[in-house]
Each structure stands twice: as C-alpha cells, then as structure tokens.
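Thank you all for coming this morning. Please bring up the sequence and the model side by side, and keep both in view while I talk through what can be read from them.

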Amino acid sequence: YGPEYVRAIAPYQAGKPISEVAREFGLDEATIVKLASNENPFGVPASAQRAMAAAVAELGRYPDANGFDLKGALAKRYDVPADWITLGNGSNDILEIAAHAFVERGQSIVYSQYSFAVYALATQGVGAQHIVVPAKAHGHDLPAMLAAIRDDTRLVFIANPNNPTGTFIPAAEIEAFVAKVPSHVVVVLDEAYNEFLAAEHQFESAEWVKKYPNLLVSRTFSKAYGLAGLRVGFAIAQPALTDLMNRIRQPFNVNSLAQAAAIAALNDKEFLRQSAANNAAGYQQFVEAFERMGLEYVPSYGNFVLVKVGSDAGAGARVNLSLLKQGVIVRPVGNYGLPEWLRISIGLPQENAVFIAALAKALAE
Ligand code: PMP
C-alpha cells in the first residue's frame with residue numbers, strides 16, 4: 001500500500017524506554033539511568049503539575065482549539081501579535097506542519113548532514129526531495145546550504161543548537177544566512193535547545209521574524225521546560241506563514257493539560273534557571289571525564305554531548321550494549337551516520353556519575 005516515498009521511510013528511532021530495558025536485561029527499573037532523549041532530569045516543574053491538576057476537571061471538554069491563553073502568554077513573552085504563534089503537538093508537529101504547508105511533492109527541502117532525524121522524515125512524508133548538505137566540523141555549513149538552494153527548494157531546516165551534535169552557530173551568521181535565502185524559501189530555525197545557551201550566546205531570533213517574512217522560529221516545552229511527555233511546541237512567524245500552517249494542523253493538536261502546563265512553565269523562571277545551571281555543571285562533569293579518558297567529543301551547546309567511543313564502525317553499538325547491560329540508556333547515532341559515537345543527555349550529577357563509571361567499564365571490556 002501507499003506511495004513509494006512513504007514505503008521508503010526508515011522509522012524514527014526513539015530512546016529505549018526504561019521498562020523495556022528492565023525487561024530485556026533483567027534489571028530493576030528503579031536502578032536504570034536514562035540519558036537518551038535529551039529530557040529534563042528535574043522532570044515536570046511543580047508549577048506545571050499544579051496547573052494540570054486544576055485543569056483536569058475540564059477534560060470532558062475539547063481543548064481550546066486556538067490556544068488563546070498559551071498563545072497570548074507566548075505573544076507577550078516574545079513581543080509579537082498572538083496570530084504570529086502556531087502551537088504544535090511538540091515542536092516535531094511544527095516541523096511536519098511546516099513541510100505540509102509549504103512544500104509540494106517533488107519540490108526540495110535543504111538540511112544538513114548530522115541534523116535532526118525528523119527533517120528527513122518530514123521531507124519524505126510529503127514526497128519532497130532531500131538536499132542533504134555535508135556538515136562542517138559536525139555542524140551546519142551555512143554557505144554550502146545557501147549554495148544548495150534550488151529554484152524548486154521551498155524549505156530549509158536549521159537546528160541551532162543542533163541535535164545530535166550539539167554544535168552552535170552565532171547569531172550574526174544565522175541572520176546573515178536568513179537575509180540571503182531567496183524569498184520563496186521558508187527557513188525553519190529550530191531552536192529546541194535555545195534555553196540551555198549561556199547568556200552570552202542568547203539572541204532574540206523572534207525579533208528577526210519581524211524583519212524576515214520567510215523565517216519561522218520553532219521552540220519546544222520538551223527540553224528546558226521539562227514537559228516532553230505532554231507534547232507542546234510552538235512556531236513564531238509572520239501571518240502569511242502561520243495562516244497556512246493553521247489551515248492544515250489538527251484542530252485540537254495541543255491538549256488542555258499541555259496548554260495549562262506550558263503557561264505555568266513559561267512563567268516559572270526559577271525552574272528554567274535551575275535546569276540551565278544543572279546542565280552547565282553536568283556538561284563540565286562530562287567534559288572532564290571524557291578528557292580524563294582521552295575520548296574525543298564535540299563541544300556541545302545543548303543538554304547532551306556526542307562522544308566518540310571507538311574507532312571502528314561497531315564501536316557505538318558495542319559500547320551501547322555494554323551500557324544497557326549496566327542499566328544505562330544512552331543514544332546510539334549510527335542511524336545519523338555516526339556509528340563510532342554515542343549521544344549522552346546530561347542528567348543529574350549522580351546520574352552522570354553512574355554513566356561515567358559504566359562507560360569506563362564498557363571501554364575496558
Ligand atoms: N528539534 C530538535 C533539534 C530536537 O532535537 C527535537 C527533539 N529531539 C525536536 C525538535 C522535537 O522535540 P519535541 O517534538 O519534543 O518538541
């Protein structure tokens with residue numbers, strides 16, 4: 001059944017759930033450390049839990065299809081009109097809605113090698129052609145991406161910071177790129193990890209949306225805000241783009257609990273501050289360990305680090321299996337073309353320590 005371009009899709013490989021690993025390796029769930037999906041190790045903010053508890057009574061009704069309160073809060077935060085915001089069932093939904101709204105079958109989408117796996121899926125899902133631009137030092141090569149844009153290109157995906165490599169492009173370079181992209185091409189600037197950036201790297205990409213009608217900034221509540229399981233993301237773009245996205249999104253794509261929790265999390269500055277501080281400390285913990293062990297890693301600006309665990313193509317899978325047996329779940333990235341590497345999400349200090357000890361053991365085997 002189905003078109004050839006759908007049959008050709010390789011399914012997304014998510015991090016293994018704790019329950020599955022416990023069963024498969026005969027482990028106690030409580031002892032398993034999962035550092036595989038770039039989740040927030042603090043879990044759901046207490047403020048969001050309270051907001052959801054209050055919203056439960058209304059679950060008999062459909063969610064607000066237009067997300068009035070959440071869009072209002074986001075519009076205020078980013079200083080744009082509310083109709084410049086599109087809500088998504090996670091930012092994954094935003095990426096897919098963008099592909100469906102702006103790209104026709106047979107047209108092309110540009111993205112970088114080693115960038116987020118969903119860009120390939122979204123491209124294939126609409127039967128578009130992939131233009132995959134070779135990465136430079138594990139990150140986006142913006143001049144090459146610009147040169148790769150064709151007349152039939154309708155979308156460019158850029159992740160900044162990038163997943164799975166953690167690389168980051170400074171504001172001036174991104175803006176110079178966006179300014180040069182032809183106006184018939186929509187630039188999706190995916191900033192899922194933005195809130196982990198240190199103050200000196202932060203920039204107001206939402207402000208660029210006012211200058212560039214073909215720019216769409218995508219953000220998520222899954223990472224620094226700790227709401228991955230609820231599935232809330234959003235896009236900021238001018239109405240010419242959001243209007244089209246709004247026509248094809250599912251009417252109730254963000255549920256009521258998610259809307260309530262996202263508003264609370266957005267206002268919980270202390271939770272965000274703690275998440276970023278824990279992440280910065282955990283990053284140092286990883287970097288020191290990798291340097292001690294003599295392991296190559298890619299300097300990361302996200303809440304995860306890509307580390308090279310061997311020099312042969314079997315290394316990532318081998319070390320991953322040893323880690324799983326020790327009750328540590330990380331992310332192999334062979335499907336990204338990085339079979340010697342593993343991607344480790346930054347957890348709580350104790351979780352990071354468990355991973356580091358398990359990695360040392362795996363490498364000694
Ligand atoms: N963009 C990037 C770069 C990501 O790494 C992820 C999550 N892995 C997403 C988007 C999607 O996250 P979510 O759908 O949870 O917002």
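Helices (H or I, at least four residues) and strands (E, at least two) are DSSP runs, numbered from the N terminus. What we have here is a predicted model, in which local features need pLDDT of at least 70 and side-chain atom pairs count only at pLDDT 80 or more, while totals for chains, interfaces and linings use all residues. Residues are numbered from 1 along each chain as its sequence is written.

With those terms in hand, please look at strand β6, where five of the five residues are buried, so the strand is largely enclosed by the rest of the structure. Val186, Val188 and Asp190 point one way from β6, whereas Val187 and Leu189 point the other way. In a regular strand the side chains alternate between the two faces of the sheet.

Which sheet does this strand belong to? β6 is part of an open sheet of seven strands in the order β2-β8-β7-β6-β5-β3-β4, and the pairing in that sheet is mixed. At the edges stand β2 and β4, each with a single partner strand, so one side of each is left without a neighbour in the sheet. From one strand to the next the twist averages 20°. When I say that two strands pair, I mean that DSSP finds at least two bridges between them.

Let us walk through some of those pairs. β5 and β6 run parallel and are joined by five bridges, and within that pair Val156 stands opposite Val187 of β6. β3 and β5 also pair in the parallel sense, over three bridges, and here the bridge partner of Val110 in β5 is Val156. β2 and β8, by contrast, pair in the antiparallel sense over four bridges, with Ile85 opposite Ile236 in β8. Strand β2 covers residues 85–88, and from it Ile85 and Leu87 point one way while Thr86 and Gly88 point the other way, all of them buried.

Helix α10, residues 239–248, lies across β2, β6, β7 and β8, and runs at about 35° to β2. Angles such as this one run from 0 to 180 degrees between N-to-C directions, and the axes are lines fitted to C-alpha atoms, for helices over the stretch in contact. In helix α6, residues 117–125, the buried residues are Val118, Tyr119, Ala120, Ala122 and Thr123, and what covers them includes α5, β3, β4 and β5. Just after α6, Gly127 takes a positive phi of about 70°.

There is also a second sheet to find, an open one of four strands in the order β9-β10-β13-β12, with antiparallel pairing. Its edge strands are β9 and β12, each of which pairs on one side only. Helix α13, residues 315–325, packs on this sheet, touching β12 and β13, and its direction makes about 45° with that of β13. Five bridges join β10 to β13, and Lys308 stands opposite Trp341 in β13.

In the loop between β10 and α13 you will find Gly314. Is Gly314 buried or exposed? Gly314 is exposed, because it has 11 other C-beta atoms within 10 Å.

I would like to finish with Lys223, which an unreviewed UniProt entry annotates as "modified residue: N6-(pyridoxal phosphate)lysine". UniProt positions are given in the numbering used here, feature names are shortened, and annotations may be inferred rather than shown by experiment. Where does Lys223 sit? Lys223 is found in the loop between β7 and β8, and it counts as buried because 27 other C-beta atoms lie within 10 Å. Leaving out residues up to four places away in sequence, Lys223 touches Asn38, Asn40, Ala192, Tyr193, Glu195 and Asn303.

How values were computed. Contact = placed C-beta atoms within 7 Å. Buried ≥ 20, exposed ≤ 12 C-beta atoms within 10 Å, placed from the backbone.
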